[in-house]
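Keep the structure open beside you as you read.

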Amino acid sequence: AIGQRWDAFWHQFATFITNNTDVVVLSIFTNMIEVSVYSVYMLVINGIKRIITSFSNGIEAAFGNMIAKKEEKSLKENFSLVEFIIYNISTIVYGCSIALILQFVNVYTINIKDADYLKPLFSYILLLATFMTSIRMPYQLIIQAAGKYKETKNGAIFEAFLNIIISVVLVINFGLIGVSIGTFVSTTIRTVELLIYANKNIIHENCKKSWLKMFLSLANIAVIVYIWNLLKLSMPNTYFVWIKNAIIIVILAIVSLFIVDIIFYNKELKLLLKKLKLMKKKKM
């Protein structure tokens, strides 16, 4: 671990650069109005990130323990379960967020007239980029648990570098949309790299199951948003109306997710219920 301290440092440094590229590029190449609009959307994005990361507490240590004890079967089983949970949570959170983010921004900025804060395409691209960051969590956690910092360092640096290049090239002509495209492209490439590396070198499984989870999650999000748009609810001007709309979309997302899980993830559902029962017994 001490021998890889500089590799771990480059991971952290690359993450810092990636997380701050957009606002720095916007500050240099655009104006403070664009930065202000970006900040409002990041208020929502950062809240979403905290929801997702809250489910990762203790997972890395558990993976590390299984790897150290060479419990390969248990590692595969629990990794698949964590992957299933993170994809499920991400599907609900981002399906609802894509449907609700413009409504929230409209209520949040209803008395602010210095700029047009409703940016549909920008918000959707940014949310998809954040989705790609969220679903990489199982792969990132197991890579860190296995201590594979050196092996994945170049990918982290490349993500930061690519984000800067694309954002700088596109921001002049496309502004907010340009930096969101840079974030989305670099984040997606990095997530794909981590997915492949974790499955191939640590889990020793074919990547097909992970690709299927990603595809079904994106497809489910698309279905949730499509059905939501069919409802044609008016844009809310109060938090009360927004909360009412949020309850509707959350129920819709849960029902849609449950149907998909019953069809495609029967095994994972049974395993999850089994573990929840064991946890309940331990508490009793």
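## Contacts, rings and helices

Setting aside neighbours within four places in sequence, D7 is in contact with Y149, K150 and K153, where contact means heavy atoms within 4.5 Å. D7 has its place in helix α1 (residues 5-29); helices here are DSSP runs (H or I, at least four residues), numbered from the N terminus. With a relative accessible area of 10%, D7 is buried. The accessibility classes are buried for under 20% relative accessible area, exposed for over 50%, and partly exposed in between, using a 1.4 Å probe and protein chains only.

A word on the background: this is a predicted model, in which local features need pLDDT of at least 70 and side-chain atom pairs count only at pLDDT 80 or more, while totals for chains, interfaces and linings use all residues. Residues are numbered from 1 along each chain as its sequence is written, and side-chain values use heavy atoms, with hydrogens and water left out.

Now for the aromatic rings. Rings of Phe, Tyr and Trp (its six-membered ring) pair if their centres lie within 6.5 Å; planes under 30 degrees apart count as stacked, over 60 as edge-to-face and the rest as tilted. By this rule the count comes to 13 aromatic pairs. One of them joins F79 and Y139, whose ring centres are 5.9 Å apart with planes at 55 degrees, so the pair is tilted. Because F79 lies in helix α4 (residues 72-108) and Y139 in helix α6 (residues 137-145), this pair ties together parts that are 60 residues apart in sequence. F79 and Y139 are both buried.

F104 and Y239 form another tilted aromatic pair, at 6.4 Å centre to centre and 55 degrees between the planes. Since F104 lies in helix α4 and Y239 in helix α10 (residues 239-264), the pair ties together parts 135 residues apart in sequence. F104 counts as buried at 17% relative accessibility, whereas Y239, at 41%, counts as partly exposed.

How do the helices pack? Two packed helices are described by the angle between their axes and the distance between the axes. Axes are lines fitted to C-alpha atoms, for helices over the stretch in contact, and angles run from 0 to 180 degrees between N-to-C directions.

| Helix pair | Angle | Axis distance |
|---|---|---|
| α3 (residues 59-68) and α4 | about 160 degrees | 9 Å apart |
| α5 (residues 120-135) and α9 (residues 208-231) | roughly 145 degrees | within 12 Å |

The contact of α3 with α4 is made by I59, F63, M66 and I67 of α3 and S74, L75, N78, F79 and V82 of α4. By class, this contact has seven nonpolar, two polar and no charged residues; Ala, Val, Leu, Ile, Met, Phe, Trp, Tyr, Cys and Pro count as nonpolar, Asp, Glu, Lys and Arg as charged, and the others, Gly among them, as polar.

For α5 and α9, the contact is made by L128, F131, M132 and I135 of α5 and M214, S217, L218 and I221 of α9. These residues divide into seven nonpolar, one polar and no charged.

Finally, look at the loops. H204, in the loop between α8 (176-203) and α9, has a phi near 60 degrees, a positive value in a residue other than glycine. H204 is partly exposed, with a relative accessible area of 48%. K232 has its place in the loop between α9 and α10, and its phi is near 50 degrees, also positive in a residue other than glycine. At 71% relative accessibility, K232 counts as exposed.

Technical notes. Helices (H or I, at least four residues) and strands (E, at least two) are DSSP runs, numbered from the N terminus.
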